[in-house]
Amino acid sequence: MTSTVETTSAHPAVPRPGALEAVRARRSWSKVTDLAPSRDELLTFVAAAGRVADHSSLRPWRLIELRGEDRERLGTAIAAAQGDDKPSTKPLRAPLLIAVVASYRKSDKVPRWEQEAVASGVAHVLSLLLDEAGWGVIWRTGGYTRSRDVAKMHGLGTDEELLGWLYVGGKPPGARAGSRREVDARTFVSRPPTAATAEKLDKKSTTKAEKARKKKDKSRKKKKKT
Ligand SMILES: Cc1cc2nc3c(=O)[nH]c(=O)nc-3n(C[C@H](O)[C@H](O)[C@H](O)COP(=O)(O)O)c2cc1C
């Protein structure tokens with residue numbers, strides 16, 4: 001049974017077009033040219049991206065600009081993290097890398113996952129703004145993202161974690177970015193189950209979790225014996 005509470009479909013008084021088209025047009029660019037936004041241009045976008053929803057306005061994030069030789073130092077840190085002899089050339093794929101850092105604040109009200117969601121939101125909005133302004137962007141990570149060597153190279157504090165890097169450069173003339181189809185929104189939007197179905201689902205997931213726990217216990221005991 002669906003809820004009897006229906007929301008209004010009235011249009012807001014002042015429509016603000018633009019975002020829908022910008023989001024639909026955004027693509028990630030894995031290959032970019034050597035052109036990069038200036039620091040001033042970047043600051044304009046960062047100031048706007050910092051407007052994302054932020055519980056208690058903790059601002060639990062910061063960004064680190066990596067240009068020129070900074071990228072080589074990152075390549076060396078990646079190699080150290082992976083135990084490789086030669087520096088990684090991955091950071092050289094774009095002239096500007098923006099390291100996205102979750103800087104967790106002490107809060108009784110706002111748990112870490114909410115703070116990470118804010119940092120992630122800033123990165124998504126910043127990517128969108130850069131893309132809309134004509135820059136090629138791709139968000140990249142790797143197994144080394146949260147390694148000690150990489151954290152050290154970025155000068156991270158004890159309560160900070162990297163969420164990866166936005167690789168930024170020029171969109172190559174004539175090139176086309178890959179394109180993903182829009183999702184079928186109907187499969188991603190649902191109403192809550194009825195109370196009876198919720199009960200059934202809960203029992204099912206509890207049984208599943210219970211089974212997994214028992215299996216774990218059993219294998220632990222087996223390991224102990226051998
Ligand atoms: C947190 C995060 C980490 C990602 N890491 C990588 C990565 O290391 N390598 C990669 O090719 N794509 C990575 N992606 C995906 C790309 O950024 C991009 O979304 C994907 O290639 C699809 O392209 P599109 O954004 O144009 O749809 C990552 C995305 C996110 C949000």
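Ala, Val, Leu, Ile, Met, Phe, Trp, Tyr, Cys and Pro count here as nonpolar, Asp, Glu, Lys and Arg as charged, and the others, Gly among them, as polar. This is a predicted model; local features need pLDDT of at least 70, side-chain atom pairs count only at pLDDT 80 or more, and totals for chains, interfaces and linings use all residues. Residues are numbered from 1 along each chain as its sequence is written.

**View 1. The shell around the ligand.** The shell divides into 2 nonpolar, 5 polar and 3 charged residues. Among them are R27, S28, W139, R140 and R180 (C-beta, placed from the backbone, within 6 Å of the ligand). Strand 3 gives the largest share, 3 residues. Strands (E, at least two residues) and helices (H or I, at least four) are DSSP runs, numbered from the N terminus.

**View 2. Strand 2 and its partners.** Strand 2 is largely enclosed by the rest of the structure, because 7 of its 8 residues are buried (20 or more other C-beta atoms, placed from the backbone, within 10 Å of a residue's own). Strand 1 pairs with strand 2 in the antiparallel sense over 7 bridges (pairing needs at least two DSSP bridges). E65 has I98 of strand 2 as its bridge partner. Strand 4 also runs antiparallel to strand 2, joined by 7 bridges. There, V101 stands opposite L162 of strand 4.

**View 3. Helix 4.** Helix 4 covers residues 112-132 and reaches 30 Å from its first C-alpha to its last. Its buried residues include V118, V122, L126 and L130. Cover for the buried residues comes from elements including helix 2 (39-49) and strand 3 (135-140), with contact meaning C-beta atoms, placed from the backbone, within 7 Å. G134 follows the helix with a positive phi, near 105°.

Key: Expected span 1.5 Å × (residues − 1). Buried ≥ 20, exposed ≤ 12 C-beta atoms within 10 Å, placed from the backbone. Contact = placed C-beta atoms within 7 Å.
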